[in-house]
Amino acid sequence: MSRDRGPRRPRRLDRSALIAVSVTALSMTASGCVVVHGEREVLPATTKAEAAKALEQFTDAYNAADKAYDSSLDAAHVTGALGAIDAARLKAGKTTSPGGNTTHTPLKLSDVTYTIPKKAGWPRWFVADAAGNKGGTARWLLVFTRNGLNEPFQVAYLTLVAQGKVPEFKKDADDWAEAVPANSTDLAAAPEDLSKSYTDYLKSGGDLFADGSQTSVWRAGRAKDATRPGLATQYIDEPLTNDAYAPLALRTADGGALVFFATHHYVKQTAHVGTTIPSPGEAALALTKGEIKQSLTMEFVSNEVALDPAKGAGGGKVTVLGRIQGLTAAEGS
């Protein structure tokens, strides 16, 4: 199975994936027309007013799609890991409830803080940190990204982080944040390596990641499931870093970084002779091709957010603060 590739998705999702482009922005000054090359000039990703508008548009579209179980209603506002997870969730919902979501409760976000990095090149992006009416007291972290001035901001990453765990970010005198390059060498791990490092850790363990619910506890739970009587469970974990799944990182006040990244997972369950596969549930069955006889292979996309300390700091351990995973496809045999 090849590594570092996106999940198998409908063609509609492929069209929504962002492709890096270079555009030229024009700004007028009193002396005339000045050309600013967006791919080279260090500029804020957006204004706080525009960021607030993007969040409002996303929330409205997300709620409309959830109410109708119709992914076309928010397709223009999601991409990357969230796009894949959201589209599959809505597809399953439409299959099981063709008339729409009878338990729909609109998502409401409040107490929002916008962290906008100043950087050169595309994509330009920002983070919205909000309280939500779902998920208890956890903070909602949404990463909005776009690859051109004429493109809308889309949410690529959505994670929930325990209250009080979102770090302080490094800001300049104008309150702009600092984006950390994907290949940065001043951290415990380069942001571009975290997806592979995480999937390697899930398979073999290691010393890079701090113990926690999304690291050591998850590995222990998977090991227990793999030895369940009458059922063999196998795991394949792959990095996911291409196109709209590329990692994004913000410099923290202590010199480290908060990194958003994605991963790709397969879970195969095989029933022993004389036993059956446990029912995966109505929503999962809606995404399943083939007939489940002796085995079921499930495909997941996951997006994570992690604290990546400055090299030599914090014991050199990366802490995974949050992870949201969604089933995107399944196949029975």
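Strand 6 and strand 7 form a hairpin with 6 residues between them, and Gly135 in the turn has a positive phi of about 85°. This is a predicted model, in which local features need pLDDT of at least 70, side-chain atom pairs count only at pLDDT 80 or more, and totals for chains, interfaces and linings use all residues. Residues are numbered from 1 along each chain as its sequence is written, and side-chain values use heavy atoms, with hydrogens and water left out. The protein chain has 6 helices and 15 strands. Helices (H or I, at least four residues) and strands (E, at least two) are DSSP runs, numbered from the N terminus.

**Whole chain**

- Of the 333 residues in the protein chain, 48% are buried. Buried means under 20% relative accessible area, exposed over 50%, and partly exposed in between (1.4 Å probe, protein chains only).
- The accessible surface comes to about 15,700 Å², and 53% of it belongs to carbon and sulfur atoms. Areas come from the Shrake-Rupley method with a 1.4 Å probe; for residues, only the protein chains shown count as cover.
- Among contacts between residues at least 6 apart in sequence, 68% join residues at least 24 apart. Contact means heavy atoms within 4.5 Å.

**The sheet 4-6-7-8**

- An open sheet of 4 strands has the order 4-6-7-8, with antiparallel pairing. Its edge strands are strand 4 (109–115) and strand 8 (154–161), each pairing on one side only. From one strand to the next, the twist averages 25°.
- Two strands pair if DSSP finds at least two bridges between them.
- Strand 4 and strand 6 are antiparallel and share 5 bridges. Thr113 has Asp129 in strand 6 as its bridge partner.
- Strand 6 and strand 7 are antiparallel too, over 8 bridges. Here Val127 has Val143 in strand 7 as its bridge partner.
- Strand 7 (residues 139–146) pairs with strand 8 in the antiparallel sense over 7 bridges. Val143 stands opposite Tyr157 in strand 8.
- Strand 6 is largely enclosed by the rest of the structure, because 8 of its 9 residues are buried.

- Helix 2 (residues 48–68) lies across strand 4, strand 6 (124–132), strand 7 and strand 8. The helix runs at about 135° to strand 4. Axes are lines fitted to C-alpha atoms, for helices over the stretch in contact, and angles run from 0 to 180 degrees between N-to-C directions.
- The structure holds 10 aromatic pairs. In one of them, the ring centres of Phe58 and Tyr62 are 5.5 Å apart and the planes are at 35°, so the pair is tilted. Rings of Phe, Tyr and Trp (its six-membered ring) pair if their centres lie within 6.5 Å; planes under 30 degrees apart count as stacked, over 60 as edge-to-face and the rest as tilted.
- Phe58 and Tyr62 both lie in helix 2, 4 residues apart, about one turn of the helix. Both residues are buried.
- One aromatic cluster is formed by Phe58, Tyr62, Tyr114, Phe126, Phe144 and Phe153.

**Arg222 over two rings**

- Arg222 lies over the face of Trp218, 5.0 Å from the ring centre. The charged end of Arg222 also sits over the ring of Tyr235, 4.3 Å from its centre.
- A charge sits over a ring if NZ of Lys or CZ of Arg is within 6 Å of the ring centre and within 35 degrees of the ring normal.

**Strands 13, 14 and 15**

- Strand 13 (residues 288–289) and strand 15 (residues 319–332) pair in the parallel sense over 2 bridges. Thr288 stands opposite Ala330 in strand 15.
- Strand 14 (residues 295–308) runs antiparallel to strand 15, joined by 12 bridges. Leu307 has Thr319 in strand 15 as its bridge partner.
- Thr319 is partly exposed, with a relative accessible area of 31%. Beyond its neighbours within four places in sequence, Thr319 is in contact with Ala210, Val305, Ala306 and Leu307.
- Thr319 and Ala210 are 109 residues apart along the chain, with C-alpha atoms separated by 5.2 Å.

**Lys171 in its loop**

- Lys171 is placed in the loop between strand 8 and strand 9 (177–178). At 34% relative accessibility, Lys171 is partly exposed.
- Not counting residues up to four places away in sequence, Lys171 touches Thr115, Trp176 and Ala177.
- The C-alpha atoms of Lys171 and Pro117 are separated by 8.5 Å, with the two residues 54 apart along the chain.
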